[in-house]
Amino acid sequence: MTQDELKALVARAAADYVLEHVQPGAVLGVGTGSTANLFIDAIAAERGRFAGAVSSSEASTRRLQSHGFEVLDLNDVDVIPVYVDGADEINAKGHMIKGGGGALTREKIVASVATTFVCIADGSKLVPVLGAFPLPVEVIPMGRAAVARALAALGGQPRLRMNKEGGIALTDNGNVILDVAGLQLQDPVAFEQAVNQIPGVVTVGLFAGRGADVLLLGTENGVEQTRF
């Protein structure tokens, strides 16, 4: 199967998981990215089962609304039973690198409220050590250079993310992203804590302190489910 076919497979599996484990009338947490988009499409026919959805990005909000979902403000929601999102990398402990789509801060906020984080990914995203995918770090613009120096001191090679037009890429929050290459994260929890202490950092795209609870992994043999 192609990577796109594997993504579609896990998106359908995630929809089935949600329908089995989430009670009618609950609020659904939805992530951002190509695999999350396929999940939105897969669950759309069942939108009437949910009180609404909380989205982690403007792009996902638009897609949810196009399918008729009511998108709720997280400040008006107390409980999210399940949050479904993809990952750029995930290890055997459920620690993830996320933020390739630029939504890492809102993703981390929504994930923190969710009872269960379901990560959906194709088999290429499961790695023994995190870090081959450059680690996204969302940064207040005025602190960009200072944060870059601090990340370099931690052993990384930070690079400012640019958009397709050649300008500086901005998040939905109006901040910039430094993508940090050259890392081999043997202790993701400690590294996440260290980056969080750098003044000017909004969010680091390491989801280790709050990792995935369930992984639905698309493989040539079907979808493999792992609980952490």
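Reader: Take contacts between residues at least 6 apart in sequence: what share joins residues at least 24 apart?
Author: In this predicted model, 74% of those contacts in the protein chain join residues at least 24 apart.

Reader: How many helices and strands are there?
Author: The protein chain has 6 helices and 13 strands.

Reader: And what does the C-alpha trace span along its principal axes?
Author: About 50 × 40 × 35 Å. The radius of gyration is 17 Å, which agrees with a compact globule, because a globule of 228 residues would have a value near 17 Å.

Reader: What percentage of the residues count as buried?
Author: Of the 228 residues, 50% do. As for the surface, the chain exposes about 10,300 Å², and carbon and sulfur atoms supply 50% of that area.

Reader: Switching to one residue. Where does D122 lie?
Author: D122 is in strand 6, which covers residues 114–122.

Reader: Is D122 buried or exposed?
Author: Buried. Its relative accessibility is 3%, and the cut-off for buried is under 20%, so D122 counts as buried.

Reader: Which residues is D122 in contact with, leaving aside neighbours within four places in sequence?
Author: Q3, L6, K7, L217 and G218. With Q3, the D122 side chain also makes a side-chain polar contact of 3.2 Å.

Reader: Back to the whole chain. How far apart are the mean positions of the positive and negative charges?
Author: They are 4 Å apart, counting 18 positive and 25 negative charges.

Definitions and conventions. Residues are numbered from 1 along each chain as its sequence is written. This is a predicted model: local features need pLDDT of at least 70, side-chain atom pairs count only at pLDDT 80 or more; totals for chains, interfaces and linings use all residues. Side-chain values use heavy atoms; hydrogens and water are left out. Helices (H or I, at least four residues) and strands (E, at least two) are DSSP runs, numbered from the N terminus. The radius of gyration is taken over C-alpha atoms; the globule rule is 2.2 Å times the number of residues to the power 0.38. Buried means under 20% relative accessible area, exposed over 50%, partly exposed in between (1.4 Å probe, protein chains only). Contact means heavy atoms within 4.5 Å. Accessible areas come from the Shrake-Rupley method with a 1.4 Å probe; for residues, only the protein chains shown count as cover. Lys and Arg count as positive and Asp and Glu as negative; His and the chain ends are not counted. The place of a charge is taken as NZ of Lys, CZ of Arg, CG of Asp or CD of Glu. A polar contact is a pair of N or O atoms within 3.5 Å; within protein, one must be able to donate a hydrogen and the other to accept it, and residues adjacent in sequence count only if both atoms are side-chain atoms.
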